Structure formats: C-alpha cells, structure tokens
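Please keep the sequence and the model in view while reading.

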Amino acid sequence: MMPPSTARRLCFLSLLLLLLLLAAAASATADAAAAEEFTEELLLRPLPDRKALAHFHFRSSAPPASAAGRHHHLFPKAISQLVQKFHISELELSFTQGRWNYEQWGGYDPMSTNNAKPPGVELWAIFDLPLAEIDATWKNLTHTLSGLFCASINFLESSTAFSAPRWGFKLNEGNLRYGALPREAVCTENLTPWLKLLPCRDKAGIASLLYRPSVYKGYYHSQKLKLKSSQSLGIILDQTLTVVLQPNTVSGKQLHSTGGQLQPSWSMEHLFSKKLSGKCLVSKSSRVFVEIEKGIVDNVDKAGSDVSSNNDLFVLSTAPDRSLKELDNLEVQSSSLYEYDVNNYNSDKPLNVGITWKLPLIWSCTRAPYHASRFLMGSGNERGSIAMSFLSTGLDKQLVDSSNDCSIKAVVFQVVPWYVKVYYHSLEVFIDGNSKAISEVVDKIHVTPSEDKLLPGTMEMLLKFPCSMQLATLTLDFDKGFLHIDEYPPDANQGFDIPSALVSFPEFNSSRSYPEADPLFVSPLLENFKEDGVVKSYTEVLLVPLTTPDFSMPYNVITFTCTVLALYFGSLLNALRRRIGEEERGLKKAGILNKRGLIPLLIAKLRGQKVDPSESESTSPASLPRSKLLLKVVFVAVVAIVFHYLSNS
C-alpha cells in the first residue's frame with residue numbers, strides 16, 4: 001500500500017501538470033486569436049456629376065492552417081473551409097447593379113480599376129490543382145457559392161457558361177476559370193450573407209451604416225469578395241462595397257452661391273440616414289477617409305488657398321485627425337486624403353463627417369487613355385455584327401511622346417455564348433475611318449471557337465494603336481443559332497445577353513501612394529491603392545434578339561387536346577353508366593315518352609323500333625319548334641368551325 005505522503009505528492013504533480021497543459025492551450029489559443037486580424041475602412045468622395053461615392057472596405061486575415069488549426073475567432077469559417085476543400089489560390093466574386101460611368105466617375109484610378117465591375121455576377125478563381133481536376137472542382141465551387149450567397153451562381157457550372165482564358169483576363173498557367181451572369185438580379189438576399197461574414201455583421205462599426213434603402217436606391221452598387229491563399233501567409237479576405245448615391249439636396253445645408261450651380265452638400269447622415277457611433281470592438285483599426293480629387297485640388301490652388309479642411313471652395317463638417325497628400329510623379333493624379341480615426345468617437349459623440357460647398361465648382365476625373373464601348377450592327381434574326389470602338393480621351397498625349405513610331409497597347413478579352421456563332425476571320429479594323437490591315441493593329445490573338453451546346457467562344461487580342469489615333473473600330477460578323485425549346489429562359493422575347501468585354505491598358509498604371517501615412521499603422525485600403533494595377537474598363541452588356549418560337553402554341557394544343565379528351569371520356573362514361581331501360585320505364589309511367597318529338601323519333605328509328613304514324617302526325621306540330629332549335633344549334637356550330645378555320649389559316 002502506497003504511503004499517504006507519496007499519494008499526496010502524486011496528486012500535487014498531476015494537478016500541476018494539468019495546470020501547465022491548460023496554460024499552454026490558453027496561450028496557443030491567444031496566439032491564434034492574435035494572429036487573426038480584422039480591419040474596417042470607409043472612403044467618401046464627391047463626384048463631378050453632383051453625386052457621392054462611398055467605398056466600404058473590410059479585411060479579415062487568418063494565419064496558415066497548420067498554425068491555427070480548424071478553429072477561428074474572427075475569420076469566417078465558411079470561407080476557410082471553402083479554400084481548403086477546393087484548393088483555391090485566388091478568387092473574386094462580385095454582385096453589381098448598374099454600370100460604372102467611366103466618363104464622369106473616372107477610369108484612371110484604383111477605385112475604377114479594382115472596383116468597377118460589369119452588371120450582374122462575375123466569378124473567377126485560380127486553383128492549386130492538376131489541370132484535369134479543375135473543371136469538376138469549378139462546378140462544385142459554383143454550387144457552394146450559390147448556396148452561401150443565395151444567388152444563381154450554380155448556372156455557371158455548365159461548360160457553356162465558363163471559359164479558361166490564357167492571358168487576356170489575367171496571366172495564368174491554365175488553372176483559371178471565368179464566368180459571368182449579366183442578368184443576375186442583386187438584392188438584399190445577396191447582401192445579408194455577405195454581411196454575415198463580418199465579425200460584427202451590420203450591428204456595430206462601419207458596416208452599421210449600410211442602410212438597405214439608401215444602398216439600393218443608388219445609381220451604382222457593387223459588392224465584392226476577394227480572397228488570396230498561400231501556405232506562407234494564410235488566407236486574406238477582402239470584402240468591399242462600392243456605392244454611388246445621390247445626396248439629399250433638400251436636407252443638405254448650403255452656404256452661399258454666386259449665381260452658378262452649387263454642388264449638393266452631404267454628410268453621413270444624409271447618405272445613410274444615420275451617424276457612425278463607434279467601431280467594431282474586435283477590429284484592429286477603424287478609419288474613415290474623405291478623398292478630394294485632383295480637379296478640386298487644382299481649383300483650390302488657383303483660388304490661392306491651401307487644400308485644408310476649410311478653404312475658399314469647401315469645408316468639412318468635422319476636422320480631420322490627419323491629412324495625406326498623394327505622391328505624384330507623372331503629374332496625372334494629385335489627390336488629398338483626410339483621415340478620421342473612429343476610435344475617437346462613440347454613441348455620445350458620433351462621427352458625421354460631410355462636405356459643404358461654398359462656391360460653384362466644375363471639375364472632371366481623369367479617364368482611361370481610350371473610352372471603349374461595344375454595340376451591335378445589322379438587323380433580322382439570322383446574322384449581325386459586333387462592333388467595338390476606342391475613342392481617344394487625350395490622356396496618351398500627356399503621358400507618352402506622340403511621335404510617329406509611338407503606339408499604345410490595349411488588351412481585349414471577350415466571351416461570346418455558343419449560340420452567337422462568331423466568324424473570327426471576318427475581323428475588320430478601321431482607324432480614323434480608314435480600313436487597316438489586321439497585321440498592322442493586331443499584335444497577338446488567341447481564339448477558342450465555340451462548340452454547339454458545349455463551349456462558349458473566347459477571344460483574346462493584343463492591339464497596338466498609334467498615339468495620333470482619335471477613333472478605332474473593330475467589327476466581327478456572326479450568325480444567330482437555334483435553341484431547343486427547353487433552353488429558352490422564361491423571358492426569351494427580351495433577348496439574350498452577351499457578357500461585358502474587358503479592355504485593359506498594360507502600359508498604364510493606376511496606383512496611388514501616400515508617403516505621409518503612419519508607418520506603424522497599416523491601412524489595407526491604402527495598400528490596395530499602392531499596388532500596381534493595370535488600367536482597365538468593362539464595356540456594355542449586349543442584348544441579342546434570337547429567333548423565338550411561339551410559346552402560346554403548346555398551350556393551345558394542350559388545352560384543345562384536354563378539352564377533346566374530356567368530352568370523349570365524359571360521353572363514354574355517360575353512355576356506359578346510364579341505365580336506358582329504367583329511364584324509359586320511368587318516362588312511360590310519367591307519360592312523357594308518348595309526347596314524341598324529332599329527337600325521340602330519330603332515336604327510335606336508330607334502335608329499330610316501330611313508330612306509330614298517328615302519334616307522329618299528332619306530335620309533328622309540337623316537334624316543329626324543337627327541330628328549329630336543333631337547326632339553329634347546328635348552324636351556329638358550323639359557323640364557329642368555319643370562322644376558326646379561316647382565322648387560323
């Protein structure tokens with residue numbers, strides 16, 4: 001038997017070991033929690049066409065799976081499982097309603113380059129898998145995202161709905177898949193699961209400003225989810241929401257005007273119907289930025305005033321914590337940024353930053369080198385042409401030497417459904433109205449022809465335009481295919497959509513850097529601005545009318561057939577179930593059968609019964625009205641049949 005002192009000593013050692021294990025587990029959990037970070041930021045910007053831009057940016061980061069295991073404190077577990085199951089290296093999903101106005105809202109800045117998306121749904125993903133497994137993984141991914149975001153993303157599982165671009169969209173090694181649904185409607189059912197990925201959802205922090213009526217009554221809104229995964233850095237998830245709103249000019253306060261059109265003044269409360277009463281408690285940083293574009297800065301400089309929060313042209317309702325100026329090397333963009341730290345505000349002292357204009361002001365945002373647009377030519381339901389135009393905006397003359405040998409590169413990426421059968425050999429190029437040889441303009445081209453009901457057509461082109469060019473037009477002829485009746489959508493007469501084409505300019509960079517930023521404070525939003533981003537823009541969605549069958553004919557055939565069958569089986573069942581003998585005996589007892597008319601006489605003749613002539617003669621005057629009624633019914637039926645035949649023929 002063990003002595004009592006030894007037993008006590010063993011109990012004490014066991015308890016000490018247990019406490020050490022619990023402390024180690026707690027420290028590991030604390031380290032994992034500290035490794036996960038969440039930041040929230042908001043960017044506000046006035047636009048030249050009397051509108052306001054609001055850009056929400058949320059970043060969640062998780063360490064590599066080996067360090068944190070399967071448990072997460074801030075990072076959404078659904079996204080982590082998505083990355084691990086489908087081996088995703090990079091993914092981007094966007095839901096957009098409206099179209100970005102490149103002429104008024106800019107096309108040469110990080111906002112338009114990274115957050116201007118085509119209407120509907122756009123999804124692309126890069127997989128870390130063998131090429132033979134990517135297509136099957138893509139189909140499973142679309143179903144998962146469809147359930148996660150309450151959308152019709154599962155329609156992208158078909159091989160006719162996605163493509164595998166080589167270099168026109170994003171340089172890859174064949175492991176990228178791209179798909180788009182231009183007609184997908186965007187509503188709160190898509191925004192709610194997007195908000196559920198945030199630690200505080202929309203209950204606290206900057207996300208609490210997302211008042212649904214304000215967001216969905218805007219001219220443009222695009223919610224995006226982008227993630228990057230690597231074994232060394234873990235998973236980085238960026239959630240952005242870009243909204244273009246019309247300020248409420250009635251409630252907005254204006255100071256004085258000198259006879260011109262004054263820009264509408266606005267604030268957070270006017271845009272989102274509420275003020276910001278604090279940050280999300282688990283966020284590492286919470287910042288609000290107000291950006292003033294180069295056009296406004298130039299006007300302030302001309303007025304002889306400093307670009308401060310209170311100058312001769314405008315005044316900010318709340319004094320900023322810090323002011324940042326963009327580092328301008330090429331003198332193309334020179335904007336100012338006013339920063340607000342949400343840690344300094346709470347429910348007793350909410351943040352309601354806004355801008356009030358003092359004098360009328362007209363400015364413009366810097367646009368891309370060429371304004372790209374796309375349209376259809378031709379008429380009828382057999383064939384047509386797709387035309388893409390490039391109109392010079394004059395930016396190239398400011399950046400490059402406009403010599404005779406000068407040229408500007410443009411990359412075009414376009415996906416066409418299989419029922420639009422494009423003849424790529426019919427490509428024609430016109431520069432300033434003059435036809436040019438393909439070899440003079442097209443430097444590189446890659447085409448994946450479409451296959452009926454199997455693959456869409458994909459075209460990737462590298463174009464070289466002379467710097468002196470003002471207008472270029474590319475045309476492609478196509479034939480319209482025929483679909484099976486089961487392949488038509490419910491609103492087939494509206495037409496069929498061709499997704500937006502992507503035009504990028506690889507020689508132009510839209511990055512911005514603010515060297516005065518605090519080195520101790522890392523802003524994901526400013527980091528994205530600093531990244532080298534190629535200037536790019538999306539064209540319009542094309543609406544192609546196809547030959548549509550008369551969907552009312554199946555309905556008419558079904559109703560007519562059902563009517564005939566109902567009459568036939570009704571008469572058959574009536575004849576089989578009727579007891580004629582009992583009915584005749586009952587009529588004889590009632591004395592009704594003796595009053596014969598035309599119809600009873602005909603029935604008697606058909607049955608081979610003898611008819612008393614005296615009865616027929618005595619009843620002939622009484623049966624005369626019945627015979628006239630029968631003739632009228634037959635006449636009406638014949639007229640109806642003839643009218644139906646003539647109307648259908």
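Predicted model: local features only at pLDDT ≥ 70, side-chain atom pairs only at ≥ 80, totals over all residues.

Leu43 has Phe289, in strand E10, as its bridge partner.

- Side chains of opposite charge can pair when their charged atoms come close.
- Glu293 forms a salt bridge with Arg45, and the closest N and O atoms of this pair are 3.2 Å apart.
- This pair links distant parts of the chain, since Arg45 belongs to strand E1 (residues 37–46) while Glu293 sits in the loop between strand E10 (285–292) and helix H10 (294–302), 248 residues apart.
- Glu293 has a relative accessibility of 3% and therefore counts as buried, and Arg45, at 1%, also counts as buried.
- Glu293 also forms a salt bridge with Arg512, with the closest N and O atoms 3.4 Å apart.
- Arg512 lies in the loop between strand E24 (502–509) and helix H13 (524–530), and Glu293 in the loop between E10 and H10, so this pair ties together parts that are 219 residues apart in sequence.
- Both residues of this second pair, Arg512 and Glu293, are buried.
- A network of salt bridges links Arg45, Asp109, Glu291, Glu293 and Arg512.

- Arg183 and Asp491 meet through their side chains in a salt bridge, at 3.2 Å from N to O.
- Arg183 lies in the loop between strand E6 (176–181) and helix H7 (188–195), and Asp491 in the loop between strand E22 (471–480) and strand E23 (496–498), so the pair ties together parts that are 308 residues apart in sequence.
- Arg183 counts as partly exposed at 32% relative accessibility, and Asp491 likewise counts as partly exposed, at 31%.

**Disulfides**

- A disulfide is a covalent bond between the sulfur atoms of two cysteines.
- Cys200 and Cys280 form a disulfide in which the sulfur atoms are 1.8 Å apart.
- The torsion about the S-S bond of Cys200 and Cys280 is about 70°, and the disulfide is therefore right-handed.
- The pair links distant parts of the chain, with Cys200 in the loop between H7 and helix H8 (212–216) and Cys280 in the loop between helix H9 (268–272) and E10, 80 residues apart.
- Cys280 is buried, its relative accessible area being 0%.
- Cys406 is joined to Cys467 by a disulfide, with an S to S distance of 1.8 Å.
- The torsion about the S-S bond of Cys406 and Cys467 is about -50°, so this disulfide is left-handed.
- Cys406 lies in the loop between helix H11 (395–399) and strand E17 (407–416), and Cys467 in the loop between strand E21 (457–466) and E22, so the pair ties together parts that are 61 residues apart in sequence.
- Cys406 is buried, with a relative accessible area of 12%, and Cys467 is buried as well, with 1%.
- When the bonded cysteines of the protein are numbered in sequence order, the pairing reads 1-2, 3-4.

**Other cysteines**

- Cys150 is in no disulfide, and the nearest cysteine sulfur, which belongs to Cys187, is 8.7 Å away.
- Cys150 counts as partly exposed at 45% relative accessibility, and Cys562 is also partly exposed, with a relative accessible area of 46%.

Conventions
Residues numbered from 1 in each chain as written. Heavy atoms only, no water. Salt bridge = Lys/Arg side-chain N within 4 Å of Asp/Glu carboxyl O. Helix = DSSP H or I, 4+ residues; strand = E, 2+ residues; numbered from the N terminus. Buried < 20%, exposed > 50% of the residue type's maximum accessible area, 1.4 Å probe, protein only. Disulfide = S-S within 2.5 Å. Pairing = 2+ DSSP bridges.
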